[in-house]
Amino acid sequence: NRAACMFELKQYDECLEECKKALEVGRAERADYQMIAKALARAGNCHCAKGELTDAIEFYDQALLEDYDDKVYRCVNNRSPLTETFGLLLAHRPCS
């Protein structure tokens with residue numbers, strides 16, 4: 001899909017726009033929860049790549065609420081590359 005291509009090309013802002021469109025259309029058409037979660041996780045990946053960690057975590061959390069995925073879960077726990085790269089203790093963040 002277009003968002004995946006834009007992510008690979010490091011066009012993160014364009015990827016985020018495509019994810020937003022996918023979420024709008026997906027929710028309007030009552031798409032499968034896995035598809036919604038995939039768009040949310042990809043948006044989280046974009047924010048992570050841009051260094052916007054708070055936004056990334058929010059999108060990962062939303063993706064996990066839609067559909068549980070081990071890869072997304074690993075992005076928000078202490079063993080993830082996200083925490084190793086940025087030295088964050090995400091397990092101690094406040095619950096929302």
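This is a predicted model: local features need pLDDT of at least 70, side-chain atom pairs count only at pLDDT 80 or more; totals for chains, interfaces and linings use all residues.
Residues are numbered from 1 along each chain as its sequence is written, and side-chain values use heavy atoms, with hydrogens and water left out.

Q: How many salt bridges does a search of the whole structure find?
A: A salt bridge is a side-chain nitrogen of Lys or Arg within 4 Å of a carboxyl oxygen of Asp or Glu. Applied to the whole structure, the search gives a total of 5.

Q: How many residues apart in sequence are the parts that E18 and R2 tie together?
A: E18 and R2 form a salt bridge whose closest N and O atoms are 3.2 Å apart. Helices are DSSP runs of H or I with at least four residues, numbered from the N terminus. Because E18 lies in helix α2 (residues 12-28) and R2 in helix α1 (residues 2-8), the parts they tie together are separated in sequence by 16 residues.

Q: Is E18 buried or exposed?
A: Buried means under 20% relative accessible area, exposed over 50%, and partly exposed in between, with a 1.4 Å probe and protein chains only. The relative accessible area of E18 is 14%, so E18 is buried.

Q: Where does K50 lie?
A: K50 forms a salt bridge with D13, the closest N and O atoms being 2.5 Å apart. The pair links distant parts of the chain, 37 residues apart: D13 is in helix α2, and K50 is in the loop between α3 (33-49) and α4 (53-66).

Q: Which helix holds R27?
A: The side chains of R27 and E66 meet in a salt bridge, at 3.3 Å from N to O. The two residues are 39 residues apart and link distant parts of the chain, with E66 in helix α4 and R27 in helix α2.

Q: With which side chain does the side chain of H47 make a polar contact?
A: H47 lies in helix α3 and is buried, at a relative accessible area of 10%. A polar contact is a pair of N or O atoms within 3.5 Å; within protein, one must be able to donate a hydrogen and the other to accept it, and residues adjacent in sequence count only if both atoms are side-chain atoms. At 2.5 Å, the partner of the H47 side chain is the side chain of E52.
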